[in-house]
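Trainee: I have just opened my first protein model. Could you help me read its pockets and its sheet?
Mentor: Gladly, let's look at it together.

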Amino acid sequence: MSQLAIEPSHVATLHYVLADERGRTLDDSRARQRPLEYLHGHGNLFPALESALAARRAGERLRVTLAPGDTYGQRDEALVSVSARSAFPQDQRLQAGQRFQAQGPDGPRTVTVVAADDTRVTVDANHPLAGETLTYDIEVLEVREATRAELAKGHPLPPGTSHTEVEDRKR
(Lines give C-alpha, C1' and ligand atoms only; values in the text may rest on other atoms or scores of the structure.)
Protein backbone atom coordinates (compact mmCIF):
# COMPACT_ATOMS: atom_id res chain seq x y z
CA MET A 1 0.00 0.00 0.00
CA SER A 2 1.38 3.38 -0.98
CA GLN A 3 2.31 5.69 1.85
CA LEU A 4 2.02 8.77 -0.34
CA ALA A 5 -0.82 11.15 0.45
CA ILE A 6 -2.90 12.88 -2.20
CA GLU A 7 -1.32 16.27 -2.78
CA PRO A 8 -0.61 18.54 -5.74
CA SER A 9 1.24 16.83 -8.58
CA HIS A 10 0.30 13.35 -7.40
CA VAL A 11 -1.92 11.00 -9.38
CA ALA A 12 -4.68 9.35 -7.38
CA THR A 13 -6.59 6.29 -8.51
CA LEU A 14 -10.10 5.92 -7.05
CA HIS A 15 -13.20 3.85 -7.24
CA TYR A 16 -16.38 5.80 -6.62
CA VAL A 17 -20.14 5.57 -6.64
CA LEU A 18 -21.96 8.78 -7.50
CA ALA A 19 -25.54 9.14 -6.24
CA ASP A 20 -28.14 11.89 -6.39
CA GLU A 21 -30.04 13.20 -3.38
CA ARG A 22 -32.69 10.48 -3.78
CA GLY A 23 -29.99 7.83 -3.47
CA ARG A 24 -30.12 6.77 -7.13
CA THR A 25 -26.76 5.61 -8.47
CA LEU A 26 -25.69 7.83 -11.37
CA ASP A 27 -22.25 6.33 -11.94
CA ASP A 28 -20.25 3.47 -10.48
CA SER A 29 -16.61 3.08 -11.52
CA ARG A 30 -16.36 -0.39 -10.01
CA ALA A 31 -19.40 -1.62 -11.97
CA ARG A 32 -17.75 -0.25 -15.13
CA GLN A 33 -14.48 -1.90 -14.04
CA ARG A 34 -12.69 1.37 -14.65
CA PRO A 35 -11.30 3.36 -11.74
CA LEU A 36 -10.82 7.10 -12.04
CA GLU A 37 -7.29 8.47 -12.25
CA TYR A 38 -6.75 12.18 -11.79
CA LEU A 39 -3.86 14.58 -11.31
CA HIS A 40 -4.43 16.41 -8.04
CA GLY A 41 -4.17 20.19 -8.08
CA HIS A 42 -4.67 20.58 -11.83
CA GLY A 43 -8.39 21.36 -11.96
CA ASN A 44 -9.49 17.90 -13.06
CA LEU A 45 -12.20 17.53 -10.37
CA PHE A 46 -14.66 19.86 -8.69
CA PRO A 47 -12.57 21.97 -6.28
CA ALA A 48 -14.67 20.89 -3.26
CA LEU A 49 -14.19 17.22 -4.15
CA GLU A 50 -10.48 17.69 -4.68
CA SER A 51 -10.25 19.45 -1.31
CA ALA A 52 -11.99 16.52 0.42
CA LEU A 53 -9.48 14.12 -1.16
CA ALA A 54 -6.39 16.11 -0.10
CA ALA A 55 -4.08 14.22 2.28
CA ARG A 56 -5.95 10.91 1.81
CA ARG A 57 -3.96 7.71 1.31
CA ALA A 58 -4.48 4.41 -0.47
CA GLY A 59 -6.96 2.25 1.42
CA GLU A 60 -8.98 5.16 2.79
CA ARG A 61 -12.70 5.43 2.13
CA LEU A 62 -14.78 8.57 2.38
CA ARG A 63 -18.19 9.94 1.58
CA VAL A 64 -18.41 13.45 0.16
CA THR A 65 -21.70 15.28 -0.34
CA LEU A 66 -21.57 18.33 -2.58
CA ALA A 67 -24.23 21.03 -2.90
CA PRO A 68 -25.19 22.27 -6.38
CA GLY A 69 -22.97 25.34 -5.95
CA ASP A 70 -19.97 23.02 -5.64
CA THR A 71 -20.79 21.03 -8.78
CA TYR A 72 -22.95 22.04 -11.75
CA GLY A 73 -24.71 25.01 -10.14
CA GLN A 74 -28.38 25.72 -9.59
CA ARG A 75 -30.89 25.18 -12.37
CA ASP A 76 -31.53 28.33 -14.36
CA GLU A 77 -34.97 28.34 -15.96
CA ALA A 78 -33.76 31.08 -18.31
CA LEU A 79 -31.71 28.34 -20.01
CA VAL A 80 -34.92 26.55 -21.09
CA SER A 81 -36.12 27.89 -24.42
CA VAL A 82 -38.71 27.17 -27.07
CA SER A 83 -37.86 27.45 -30.77
CA ALA A 84 -39.83 26.96 -33.93
CA ARG A 85 -39.40 23.47 -35.38
CA SER A 86 -38.38 25.18 -38.62
CA ALA A 87 -35.16 26.35 -36.88
CA PHE A 88 -33.92 22.73 -37.02
CA PRO A 89 -33.05 20.68 -40.10
CA GLN A 90 -36.21 19.18 -41.56
CA ASP A 91 -34.75 15.66 -41.63
CA GLN A 92 -33.49 15.82 -38.02
CA ARG A 93 -35.56 13.57 -35.78
CA LEU A 94 -36.03 15.25 -32.39
CA GLN A 95 -37.23 13.52 -29.25
CA ALA A 96 -37.19 14.21 -25.50
CA GLY A 97 -33.87 13.34 -23.88
CA GLN A 98 -31.82 13.78 -27.03
CA ARG A 99 -28.68 15.90 -26.54
CA PHE A 100 -26.76 17.92 -29.09
CA GLN A 101 -24.42 20.90 -29.45
CA ALA A 102 -25.99 24.30 -30.04
CA GLN A 103 -24.38 27.68 -30.49
CA GLY A 104 -25.01 29.91 -27.46
CA PRO A 105 -24.00 33.49 -26.68
CA ASP A 106 -20.81 32.23 -24.99
CA GLY A 107 -19.99 29.63 -27.65
CA PRO A 108 -21.10 26.04 -28.16
CA ARG A 109 -23.02 24.31 -25.38
CA THR A 110 -24.77 21.00 -24.97
CA VAL A 111 -28.56 21.18 -24.80
CA THR A 112 -31.18 18.54 -24.06
CA VAL A 113 -34.47 18.30 -25.94
CA VAL A 114 -37.29 18.52 -23.39
CA ALA A 115 -40.17 18.28 -25.86
CA ALA A 116 -40.67 18.41 -29.61
CA ASP A 117 -43.66 18.38 -31.91
CA ASP A 118 -44.36 19.48 -35.49
CA THR A 119 -44.26 23.19 -34.62
CA ARG A 120 -42.07 23.72 -31.52
CA VAL A 121 -38.95 22.35 -29.84
CA THR A 122 -38.18 22.99 -26.18
CA VAL A 123 -34.52 22.65 -25.17
CA ASP A 124 -32.75 22.93 -21.82
CA ALA A 125 -29.15 24.20 -21.70
CA ASN A 126 -28.73 23.42 -17.98
CA HIS A 127 -26.34 20.58 -17.18
CA PRO A 128 -28.50 17.49 -16.49
CA LEU A 129 -27.25 17.47 -12.88
CA ALA A 130 -27.70 21.21 -12.24
CA GLY A 131 -29.56 21.79 -8.99
CA GLU A 132 -28.70 18.32 -7.65
CA THR A 133 -26.92 17.56 -4.39
CA LEU A 134 -24.44 14.81 -5.27
CA THR A 135 -22.81 12.23 -3.01
CA TYR A 136 -19.59 10.42 -3.83
CA ASP A 137 -18.63 7.22 -1.97
CA ILE A 138 -14.91 6.94 -2.66
CA GLU A 139 -12.19 4.38 -2.10
CA VAL A 140 -8.62 5.57 -2.68
CA LEU A 141 -6.83 2.73 -4.47
CA GLU A 142 -3.40 4.22 -5.18
CA VAL A 143 -1.44 7.44 -4.89
CA ARG A 144 1.74 8.01 -6.87
CA GLU A 145 3.94 10.83 -8.03
CA ALA A 146 3.01 12.22 -11.43
CA THR A 147 5.46 11.77 -14.26
CA ARG A 148 7.07 14.71 -16.01
CA ALA A 149 4.83 14.03 -19.02
CA GLU A 150 1.67 14.04 -16.87
CA LEU A 151 2.68 17.33 -15.27
CA ALA A 152 3.30 18.80 -18.72
CA LYS A 153 -0.06 17.59 -20.03
CA GLY A 154 -2.09 18.28 -16.85
CA HIS A 155 -3.67 14.83 -16.50
CA PRO A 156 -2.71 11.14 -16.14
CA LEU A 157 -1.27 9.44 -19.21
CA PRO A 158 -0.77 5.80 -20.22
CA PRO A 159 2.22 4.16 -18.50
CA GLY A 160 5.49 4.74 -20.31
CA THR A 161 4.48 7.99 -22.03
CA SER A 162 7.58 10.15 -22.32
CA HIS A 163 7.57 13.89 -21.77
CA THR A 164 9.02 14.18 -25.29
CA GLU A 165 5.78 12.70 -26.68
CA VAL A 166 3.46 15.38 -25.31
CA GLU A 167 3.09 19.10 -25.81
CA ASP A 168 3.59 21.10 -22.63
CA ARG A 169 0.27 22.89 -22.00
CA LYS A 170 2.05 25.54 -19.94
CA ARG A 171 3.82 27.07 -22.97
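Trainee: Which residues line the second largest pocket?
Mentor: Keep in mind that this is a predicted model. Here is the general idea: rolling a probe the size of a water molecule over the atoms shows where empty space is left. In this case the lining is made up of L14, Y16, L18, D27, L36, N44, L45, F46, L49, Y136 and I138. The volume of this second largest pocket is about 180 Å³.

Trainee: Which element gives the most to that lining?
Mentor: That is β1, with three residues. Both β1 (10-19) and β9 (134-145) give two or more residues to the lining of the second largest pocket. Sorted by class, this lining has nine nonpolar residues, one polar and one charged.

Trainee: How much space lies in the largest pocket?
Mentor: About 260 Å³. Its lining has 17 residues, and Q103, G104, R109, V111 and A125 are the closest to the centre of the largest pocket. β5, β6 and β7 are the elements that give two or more residues to this lining.

Trainee: What is the order of the strands in the open sheet of four?
Mentor: Read across the sheet, the order is β5-β8-β7-β6, and the pairing is antiparallel. β5 (80-84) and β6 (99-104) are at the edges with a single partner strand each, so one side of each has no neighbour in the sheet. From one strand to the next, the twist averages 45 degrees.

Trainee: How many bridges join β6 and β7?
Mentor: Six, in the antiparallel sense, with β7 covering residues 107-116. To find the pairing on screen, look for A102, which stands opposite R109 in β7.

Definitions and conventions:
Residues numbered from 1 in each chain as written. Predicted model: local features only at pLDDT ≥ 70, side-chain atom pairs only at ≥ 80, totals over all residues. Heavy atoms only, no water. Pairing = 2+ DSSP bridges. Axes fitted to C-alpha atoms, helices over the stretch in contact; angles between N-to-C directions. 1 Å grid on protein atoms, 1.4 Å probe; cavity = no way out; pocket = protein on both sides within 12 Å on 5 of 7 lines; lining within 4 Å. Points joined across faces, edges and corners; volume = space filled by probe spheres on them. Nonpolar A, V, L, I, M, F, W, Y, C, P; charged D, E, K, R; others polar.
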